[in-house]
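Here are my notes for you to read alongside the model. Have a look at the picture, then work through the points below.

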Amino acid sequence: IDRIREAVVSSMSPERRARRHAAVADALEARLYDEVVRDVGRTVTSIADHARAAGDLDRARAYGIKAAESAADKLAFASAAASYEALLADPGFAPVPGERAAHLARVAELYEFVGDYLAAAATLRRMVVLLEGDSGLTAGPPPLPLRRAWLQLGEALMRVGQVGPAAEYFDRLLEPLGMRTVRPLGEAVRVLRPLRLRSLAWRLVPEEWFRRPVTEEDEFELE
């Protein structure tokens, strides 16, 4: 059957082949949530493949995300991460840095779910590089998404034992507060107890914060 299909497809002109792929994608999309469709994940993957073959890249990317998330819903986290990585290899996918960074954060989360903390840290490093390039690191406080990325990367590096590099990212967060991590010998970081950190954080809260509504950026500073 595969040979017959290959022979038929190869006999078509590129334009006709694209139209056929588009028609198949339309048909699958129309019946996607019918009761007869038991494997939604396989169906959305097929839609993405046919849409890509038809040249409909926007639809292919949208269904590629659905396919990745469908795999994650089935706890196939490694497969979901691989699907996202394939999407991120496409330069046209999520060209806006903030959107692309959000997808990278999701991939890192999926790697963590399967216990691949090295891959998670490497993915978060890609996210940080992307956001640092987008922000330009001009004068003034770094944007909140970048500071959150530093925190995530620092925590990920700690999980894989890269204490020194982790401390560098924590120092970037603490610098506006006039603080830095304590590293007495061999770049070892002294981890303060959560209660002590919380107490210290409240002492550092500017008094004017209590006179206005707390913003999302305020909450991050407290964290």
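1. Let's start with a pair of helices. In helix 8, Arg147, Trp150, Leu151, Leu153, Gly154, Glu155, Leu157 and Met158 touch Val163, Pro165, Ala166, Tyr169, Phe170, Arg172 and Leu173 of helix 9. Contact here means heavy atoms within 4.5 Å. Helices are DSSP runs of H or I with at least four residues, numbered from the N terminus. Sorted by class, this contact has 11 nonpolar, one polar and three charged residues. (Ala, Val, Leu, Ile, Met, Phe, Trp, Tyr, Cys and Pro count as nonpolar, Asp, Glu, Lys and Arg as charged, and the others, Gly among them, as polar.)

2. Before you go on: this is a predicted model, where local features need pLDDT of at least 70 and side-chain atom pairs count only at pLDDT 80 or more, while totals for chains, interfaces and linings use all residues. Residues are numbered from 1 along each chain as its sequence is written, and side-chain values use heavy atoms, with hydrogens and water left out.

3. How do helix 8 and helix 9 pack? Helix 8 (residues 144-159) and helix 9 (residues 163-174) have axes 8 Å apart, at an angle of about 155°. Axes are lines fitted to C-alpha atoms, for helices over the stretch in contact, and angles run from 0 to 180 degrees between N-to-C directions. That angle makes helix 8 roughly antiparallel to helix 9 (the term is for angles over 145 degrees).

4. Now try helix 4 and helix 5. Their axes come within 7 Å and cross at roughly 165°, so helix 4 and helix 5 are roughly antiparallel to each other. Helix 4 brings Arg61, Gly64, Ile65, Ala68, Glu69, Ala71 and Ala72 to the contact, and helix 5 brings Phe77, Ser79, Ala80, Ser83, Tyr84 and Leu87. By class, the contact of helix 4 with helix 5 has eight nonpolar, three polar and two charged residues.

5. The lining has 13 residues, and Ala48, Arg52, Ala60, Gly64 and Leu87 lie nearest the centre of the pocket. By class, the lining has six nonpolar, three polar and four charged residues. (On a 1 Å grid over the protein atoms alone, a pocket is an open set of points where a 1.4 Å probe fits, with protein on both sides within 12 Å along at least five of seven lines; lining residues have an atom within 4 Å of a point.)

Key. Helices (H or I, at least four residues) and strands (E, at least two) are DSSP runs, numbered from the N terminus. Angles under 35 degrees count as roughly parallel, over 145 as roughly antiparallel, 65 to 115 as roughly perpendicular and the rest as oblique.
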